[in-house]
Amino acid sequence: MEVPASLRLSHFWQIRDLFVVPTHRRRGIGRALLGSVRAAALASGALRLVVQTEEDNDPALGLYTDTGYRLMSGYRSLMLTLTAIPAAVRRAALFPAQDLLDLPVGHPSRRVVVAGVTVELPAGLPMGDVFPELLEESGVEPVVGAVRRFLRAQGREKAVWFVSDAASPRDLAGRLRTLGMRPDDEPPGEPRAAALVTVEPPPPGPPGVVARRVESFEEFLAGERVAAAAFQMDEKMRKAFEERATRLWPFVAADGAIAAFVALVDGEIAASAGAHFGRTAVQLSGAGTRPDQRGRGAYRALVRARWDAAVERGTPALTVSAGEMSRPILERLGFSIVGWIDCLLDDLS
Ligand SMILES: CC(C)(COP(=O)(O)OP(=O)(O)OC[C@H]1O[C@@H](n2cnc3c(N)ncnc32)[C@H](O)[C@@H]1OP(=O)(O)O)[C@@H](O)C(=O)NCCC(=O)NCCS
């Protein structure tokens, strides 16, 4: 039977963080420590001890060669340099409403703070989106009451609360469920979303797919229709999407805080997506591909187009709350999960 090389070599021990305080060097302490490690490794059945050090670290190289270590031939040390995710970008992903720029005057959607909680009233849709962050332990119930009263007064039929696992109190989602909310399982909603981030360029889309900002109202409307089809919206929601497109268009065209993108395959609009420009990151929203156009890289191309827009704007970071369908694709494109968001539906009728 063929034995895999890694098993044939048995296991090995790797030495890390050997350090002797400067005042006690050259007294045999390093050598003694290496001797103990060697004995323990042998006792465990390991067949090799491995250590890495900089090529100009003469004391360390002296110690290792003097105790019998030899340079490994046939191996190269390899490294992948990772770009650290800034804390502000992580926060922007966990609390999507916090990083966004104020909506311009006259915008048909509204974002307001009710009892310390950010509430968004999307234009022309019957719901409100609620983004709690830090609530007082004793304040959960009063805050929920105030938000409910506010949304009812605004004529909203339901609310979706987006509760990050970094929100407080720690069991906020559980507390909200005891107050009558339930996991959002009404399409296009999903009960749980991953908060994802990338600060490195995602790969470009495939050749033949053109992803760019919409260039006319007709394209914007076509994009909204694609989104409605992709998210299997019912007739009422589809109508609401089309109607609000007219009201949103001036703000989409104005190159302000929001932008709309389309992906064209063979010159036809196959997918659409949104972007919200924030202070530290660009938030991806509502990307959808027509069911008959899936699997051609339209979504990937839209992610890259929005990355390019983020770079152009001087905020080279993308954040997104992703459900089951898009999360694996985004992870393959280099996004990292920085947390989870419970999506809770609050029926206000
Ligand atoms: C490398 C280090 C752990 C050596 O510890 P130490 O207790 O001083 O080492 P020892 O006294 O046991 O030295 C054993 C042998 O190593 C070699 N050696 C140690 N220091 C050396 C030096 N400055 N130059 C050349 N050879 C040296 C000698 O062969 C020495 O034997 P000798 O004293 O009989 O000549 C210590 O210098 C250190 O803490 N350096 C900073 C941290 C570091 O670089 N760690 C290695 C990470 S991979």
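The model is a predicted one.

## Around the ligand

The shell around the ligand holds 19 residues, and Arg-25, Gly-30, Pro-59, Gly-62 and Leu-63 come nearest. Two elements give two or more residues to this shell: helix 2 (29-43) and helix 3 (58-66). Helix 3 provides the largest share, six residues. By type, the shell divides into eight nonpolar, five polar and six charged residues.

## Strand pairings

| Strands | Direction | Bridges |
|---|---|---|
| strand 4 (residues 117-121) and strand 5 | antiparallel | three bridges |
| strand 5 and strand 6 (residues 158-164) | parallel | four bridges |
| strand 10 and strand 11 | antiparallel | eight bridges |
| strand 11 and strand 12 (residues 282-289) | antiparallel | six bridges |

Take strand 5 (residues 127-131). Four of its five residues are buried, so strand 5 is largely enclosed by the rest of the structure. Strand 5 pairs with strand 4 on antiparallel terms. In that pairing, Thr-118 has Phe-131 of strand 5 as its bridge partner. The two strands form a hairpin with five residues between them. Gly-124 sits in the turn and has a positive phi of about 70 degrees. Strand 5 also runs parallel to strand 6. There, Met-127 stands opposite Lys-158 of strand 6.

Strand 11 (residues 268-277) is also mostly covered, with seven of its 10 residues buried. Its antiparallel partners are strand 10 and strand 12. Ala-275 of strand 11 stands opposite Ala-259. Gly-274 stands opposite Ser-285 in strand 12.

Both of these pairings come with a hairpin. The hairpin of strand 10 and strand 11 has two residues between the strands, and Asp-266 in this hairpin takes a positive phi near 50 degrees. The hairpin from strand 11 to strand 12 passes through four residues.

## Helix 8

Helix 8 has 19 residues and covers residues 235-253. From first C-alpha to last, helix 8 reaches 27 Å, close to the 27 Å expected at 1.5 Å a residue.

How exposed is Pro-250? Pro-250 has 14 C-beta neighbours inside 10 Å, so it counts as partly exposed. The cut-off for buried is 20 or more, and for exposed 12 or fewer. Phe-217 is 33 residues away from Pro-250 in sequence, yet their C-alpha atoms are 8.9 Å apart in space.

Phe-241, Ala-245, Leu-248 and Phe-251 of helix 8 are buried. An α-helix has 3.6 residues a turn, so residues three or four places apart point the same way. The cover over the buried residues of helix 8 includes helix 7 (217-230) and strand 10 (258-265). Just after helix 8, Asp-255 takes a positive phi of about 60 degrees.

## Helix 9

Helix 9 (residues 298-312) has 15 residues, which should span 21 Å at 1.5 Å a residue. The end C-alpha atoms of helix 9 are 21 Å apart, which agrees.

Is helix 9 enclosed or open to the outside? Of its 15 residues, 11 are buried, so helix 9 is largely enclosed by the rest of the structure. The buried residues include Arg-300, Arg-304, Arg-306 and Trp-307. Several strands pack against the buried residues of helix 9, among them strand 9 (209-213), strand 10, strand 11 and strand 12. Strand 13 (318-322) and helix 10 (327-332) pack there as well. Just after helix 9, Gly-314 takes a positive phi of about 85 degrees.

## A buried aspartate

Asp-342 lies in strand 14 (residues 336-347). Why does Asp-342 count as buried? Asp-342 has 21 C-beta neighbours inside 10 Å, and the cut-off for buried is 20 or more. Leaving aside residues up to four places away in sequence, Asp-342 touches Val-163, Ala-173 and Arg-192. Gln-283 is 59 residues from Asp-342 in sequence, and their C-alpha atoms are 18 Å apart in space.

Note on methods. Residues are numbered from 1 along each chain as its sequence is written. This is a predicted model: local features need pLDDT of at least 70, side-chain atom pairs count only at pLDDT 80 or more; totals for chains, interfaces and linings use all residues. A residue is near a molecule or strand if its C-beta atom, placed from the backbone, lies within 6 Å of it. Ala, Val, Leu, Ile, Met, Phe, Trp, Tyr, Cys and Pro count as nonpolar, Asp, Glu, Lys and Arg as charged, and the others, Gly among them, as polar. The expected span of a helix is 1.5 Å times one less than its number of residues. Two residues are in contact if their C-beta atoms, placed from the backbone, lie within 7 Å. Two strands pair if DSSP finds at least two bridges between them.
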